[in-house]
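Here is a brief report on one protein chain. It covers domains, a helix pair and a pocket.

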Amino acid sequence: MKKSPLPVQNVHRSEKNVAGKEALVKLLRWHFGHADFRGKQLEAIEAVVSGRDCFCLMPTGGGKSICYQIPALAKPGIVLVVSPLIALMENQVMDLKEKGIAAEYLSSTQATHVRNKIHEDLDSGKPSVRLLYVTPELIATKGFMLKLRKLHARGLLNLIAIDEAHCISSWGHDFRPSYRQLSTLRDSLADVPVLALTATAAPKVQKDVIDSLSLRNPLVLKSSFNRPNIFYEVRYKDLLDNAYSDLCNLLKSCGNICAIIYCLERTTCDDLSMHLSSTGISSAAYHAGLNSKLRSSVLDDWLSSKKQVIVATVAFGYE
Ligand SMILES: Nc1ncnc2c1ncn2[C@@H]1O[C@H](COP(=O)(O)OP(=O)(O)OP(=O)(O)O)[C@@H](O)[C@H]1O
C-alpha cells in the first residue's frame, strides 16, 4: 500500500529545535519504518533543512541516504541528488517509489518518453517529484543547468545532495572528472544548500571536496567508522599448514554461508575458487579478466544464493 506524504510543514522553520526534531522523526517512522535517527543523521538533516551547507562523512552503510531523503519530505520542493552510478540511482528510486515517495532519475539509458514525462513534471506548475537523481554528466550540460536555474527561480530547489562526493577529488581513489563540473552549481544556484556525502576519510580529500564545491561555513560531521556488528580476525598464512584447507574448514564451520573472499591476483581467484568447488563449496571467481556478461551472471548467481562464495579481486565492488 502506498503511503501518502505526511503533511509536515515548516519543519525548516525550527527555531524550536524540539518541534523540528519530532516532526522529522515522525517522517522517518512513517516513511522508512526506522524508530529513530542513527549517528549524525539528525544533525545533518537539521543543518540542511535550515539552509546550511553540510559535509557528512559516514561509513558505508551508515545511512547517508536518509540525510537527503528526509529533507525532501520535510519541505515542499525538490531535492536534487547527484550520484555516480546509474544502477545505484535506479535502486534508490525503485525503493523510494515502493514506499510511495515521488522519486525519479534522469539518465541517457531511459526511453525518451520516460525522460519527457519527468521533464513535463518538472516544467509543470506544481511538480510532483520530491527527489530527482541525476549523474554529474547531466549537470554539466547547459540545457539541464538552465532547467535547474528555472526551478530555483520558482523556489522549487530545496537542496543539492552530492553522493560519493569524494569523486570530485583527484586525491581520492574514485576520481571522476565530471564531478569537477559540480563546482558550477554554487555559482549558478548560490543560495541552495549543498550536502556533500562520502565514506572516504582522508583529510586531503575532505578539504578538496569542501573547497571544490565552495561549501560555505559547512557543518562538518564525521561518524565513527567502528562497526560493532563486524568481527575481525587475522590468521597468518605463514603459520598455517595449508591456507586453502584452513579457509575451507572455516567456511564449512559457518553453515549456510554467503561470503566474498578478496584476493590480490586474478589467478589466485581462479585457483582458490576451483579448490573450494572441489570440496563441495559452490563458488565462482570474479575479476576484470572475465567478460562483463560472465561477471554479471556470477553476481546474479551469488545474489540469488546459487553460489555461496565469490572469490574476487577489487574489481568486485567497483562495478
Ligand atoms: N535511522 C536508521 N535506523 C535504522 N536503519 C537505518 C537508519 N538509517 C538508515 N538505515 C538503514 O541502513 C542501511 C544503509 O543505509 P544507506 O544505504 O543510506 O547507507 P549509505 O551510507 O548510503 O551506504 P553506502 O555508503 O553504501 O551508499 C539501509 O538498509 C537503511 O535502511
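## Domains, a helix pair and a pocket

The C-alpha centres of domain 1 and domain 2 lie 36 Å apart. The domain assignment places domain 1 at 21-222 and domain 2 at 237-312. The model is predicted.

Next, the helix pair. Helix α5 covers residues 112-123, and helix α7 covers residues 142-153. They pack at an angle of about 30°, and their axes are 10 Å apart. Angles under 35 degrees count as roughly parallel, so α5 and α7 are roughly parallel to each other. On the α5 side, H119, L122 and D123 make the contact.

The elements below each give two or more residues to the lining of the second largest pocket.

| Element | Residues |
|---|---|
| α11 | 243-253 |
| β8 | 259-262 |
| α12 | 266-278 |

Which element gives the largest share of the lining of the second largest pocket? That is α11, with six residues.

Conventions
Residues numbered from 1 in each chain as written. Predicted model: local features only at pLDDT ≥ 70, side-chain atom pairs only at ≥ 80, totals over all residues. Heavy atoms only, no water. Helix = DSSP H or I, 4+ residues; strand = E, 2+ residues; numbered from the N terminus. Axes fitted to C-alpha atoms, helices over the stretch in contact; angles between N-to-C directions. Parallel < 35°, antiparallel > 145°, perpendicular 65-115°, else oblique. Contact = heavy atoms within 4.5 Å. Domains from an automatic or database assignment.
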